[in-house]
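I opened this notebook to record what I looked up, one topic at a time.

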Amino acid sequence: EHVRDHVAHIHVKDATWNPARNDADYNWPGEGQGRVRDILADAFARGKLVRDKLPLPAMPGKLIVVEREERTFLDTANYARYDAVVAAFAEMDTEALARWYLRYEPLLQQAYAELGNGEARVRDAILGGIELMLAAPAPAGELELTQPAVFYKYADPALESLPESQKLLIRMGPRNRAIIVAQLQRLREAL
């Protein structure tokens, strides 16, 4: 419910691609070139999270860790922080989303090419992003963390080197991860 309350009032900003900055300049809806969806698809295909590009609420609460024997671990209580977002994602009509995509694929393809992706297909980018998330490992046991600065990192270099989208799936916990993976599989099949 927390997410639905916010999503009802969200208007994704419009954007104009700025090649000099290799990033987008954001405008009020209707004032740019309508590139937000294309920019998000491009980032998604590369496993990037674009929190600053989406006007979604931050996850509630603070990261909870547990310390034992001078080591820090992610507390499983953190998984609940993602429950509302995962529940909203689980309700997404993947068939309707696929129909929307098919309707606008030519425009999305044109915009994707204009982002500097040449002949690459936007469909391959989206499916590649889904495959990247589906390939995320599902580590067993506790997740050890380090805190070299303000933010925590995974102590395991293999986990820390994963794309942001895969690290997010791990942070969500096994139950939420399973829900996201099942929905992504349905979306992949629909596309």
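**Entry 1: the bend in H4**

I looked at H4 and found a bend of about 65 degrees at Tyr104. A proline, Pro106, follows within four residues. The bend at a residue is the angle between axes fitted to the seven residues ending there and the seven starting there. Helices (H or I, at least four residues) and strands (E, at least two) are DSSP runs, numbered from the N terminus.

I noted how the model was made and read. It is a predicted model, where local features need pLDDT of at least 70, side-chain atom pairs count only at pLDDT 80 or more, and totals for chains, interfaces and linings use all residues. Residues are numbered from 1 along each chain as its sequence is written, and side-chain values use heavy atoms, with hydrogens and water left out.

Next I checked the span of H4. The helix covers residues 94–117 and spans only 26 Å between its end C-alpha atoms. A straight helix of 24 residues would span 34 Å at 1.5 Å a residue. The expected span is 1.5 Å times one less than the number of residues.

At the start of H4, a side-chain oxygen of Asp93 reaches to within 3.1 Å of the backbone nitrogen of Glu95. After H4 comes Gly118, with a positive phi near 55 degrees.

Which residues of H4 are buried? I listed Thr94, Ala98, Tyr101, Glu105, Leu108, Ala111, Tyr112 and Leu115. Buried means under 20% relative accessible area, exposed over 50%, partly exposed in between (1.4 Å probe, protein chains only).

**Entry 2: salt bridges**

How many salt bridges does the structure hold? I noted eight. A salt bridge is a side-chain nitrogen of Lys or Arg within 4 Å of a carboxyl oxygen of Asp or Glu.

I looked up Arg68 and Glu142, whose closest N and O atoms are 2.3 Å apart. Arg68 lies in strand S3 and Glu142 in the loop between helix H5 and strand S5, so the pair ties together parts that are 74 residues apart in sequence. Arg68 is partly exposed at 35%, and Glu142 is partly exposed at 47%.

Then I turned to Glu131 and Arg188, which meet in a salt bridge at 2.9 Å, N to O. Glu131 sits in helix H5 and Arg188 in helix H8, 57 residues apart. Glu131 counts as partly exposed at 37%, and Arg188 does at 25%. A network of salt bridges links Glu131, Arg188 and Glu189.

Last, I checked Arg121 and Asp124, a salt bridge with its closest N and O atoms 3.9 Å apart.

Note on methods. A polar contact is a pair of N or O atoms within 3.5 Å; within protein, one must be able to donate a hydrogen and the other to accept it, and residues adjacent in sequence count only if both atoms are side-chain atoms.
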